[in-house]
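Please look over the sequence and the model before reading on.

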Amino acid sequence: TASHRIVVLPGDGIGPEVTAAAVAVLEAVSAHFGLALAFEEHAIGGAAIDAGGEALPAATLAACQAADAVLLGAVGGPKWSDPKARVRPEQGLLALRRGLGLYANLRPVKPHPAALGASPIKPHLLAGVDLVVVRELTGGIYFGDKTRSADAASDLCSYSVAEIERVVRSAARLARARRGRLVSVDKANVLETSRLWRETTSRLMAEEFPDVALEHQLVDSMAMHLIARPRDYDVIVTENMFGDILTDEASMLAGSLGLLPSASLGDGRNGVYEPIHGSAPDIAGRGIANPYAAILSAAMLLRHSLGLAEAADLVEGAVAQALDRGVLTAELAGDGRAAGTLEATAAVVAAIVAAGSPAA
Ligand code: NAD
Ligand code: IPM
Ligand code: MN
């Protein structure tokens, strides 16, 4: 079997706790299928700043560029959040996404029945919800020039036609492979970048994806529709910051931020896989973080970077089994019994082991 090189970037806060869980699950999958996975750990974020003054050390970026895939926890925390700080953990993550050219960030949202009780949304609205947000990840206001003086500041938002086209193409291909519907979200009533986004999307879809149904939505009303009629959505494509905000909102359809994975992809096979949540400083170090988002990110890694769809299915099925069996971390358990990070991880590993050897 060919060996797959996976770089692990634990980062800060609960990052190391949830990446350890994802690696344990990948080890179990590896044993199950007889894969050769080689893990290599590197520093990013606050941990890297503490170790050497930089949020993305050159050695980390080089290792990620040479890897088959990257598994990341989370970066940031109060220790590094002084507004006057010279360097911030979050810059490391942005530089990594940019450095690897990962312009399309897939964030699937598929509520599991066992977690419905944890969602503030009425259960009848959630049955059958299955959507993917494709968030543009290397452009927009995150990466524009910034200025700061004593009494003013600015962040430039810019997009080129080429940047819009490539992410819309990724989203449209995904929609074509799913239910054939794409919603593009913008603020074209106010922003020039959004007018370019809408115009470019309409033209590209008409030329290259006439079979995919396209709808445009303004981001403010989309924030409402997402909660009011989540079942109506298949694939949603949007710019960097709107995608960031809408997906934390969408996590409430699933019941917890700790359930949503992501895959950040570019033109090559390599990608970065990380939960959409952050370093959760409020619960870090207590062994209670939900590891399922990180584990489901590892499943996306198997599927998208390693081409191991069967292994990805096994991991996703194992998480579903753990949820079915009521193995819920504190934020999902409500008044019921809560499982810690290790117990939840062990439940997923047990489901993988119980699946027995694969057919030859
Ligand atoms: P957060 O996502 O870290 O936490 C928000 C809330 O969700 C907290 O109450 C937290 O306890 C809870 N939560 C998050 N993940 C959870 C999990 N797996 N299990 C159980 N509960 C979970 O957002 P924040 O508090 O606004 O940000 C904290 C830090 O994380 C900031 O420095 C921010 O920049 C950073 N951040 C990093 C990433 C990333 O590395 N990709 C993403 C988001 C935020
Ligand atoms: C995310 C995070 C990051 C983002 C931050 C930490 C830079 O919120 O991955 O969703 O805004 O992209
Ligand atoms: Mn975010």
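## Terms and source

Two residues are in contact if their C-beta atoms, placed from the backbone, lie within 7 Å. Helices (H or I, at least four residues) and strands (E, at least two) are DSSP runs, numbered from the N terminus.

The model is predicted, and local features need pLDDT of at least 70, side-chain atom pairs count only at pLDDT 80 or more, and totals for chains, interfaces and linings use all residues. Residues are numbered from 1 along each chain as its sequence is written, while chains are lettered from A and ligands numbered from 1 in the order in which they are written.

## Helix α10

Among the elements that cover the buried residues of α10 are α1 (15-33), β3 (69-74), β11 (263-265), β12 (271-273), α11 (309-324) and α13 (341-354). A residue is buried if 20 or more other C-beta atoms lie within 10 Å of its own, exposed if 12 or fewer, and partly exposed in between. Twelve of the 13 residues of α10 are buried, including Y292, M300 and H304.

## The chain as a whole

The chain has 13 helices and twelve strands. Buried residues account for 49% of its 360 residues. Its C-alpha atoms fill a box of roughly 55 × 50 × 45 Å along the principal axes. Of the contacts between residues at least 6 apart in sequence, 77% join residues at least 24 apart.
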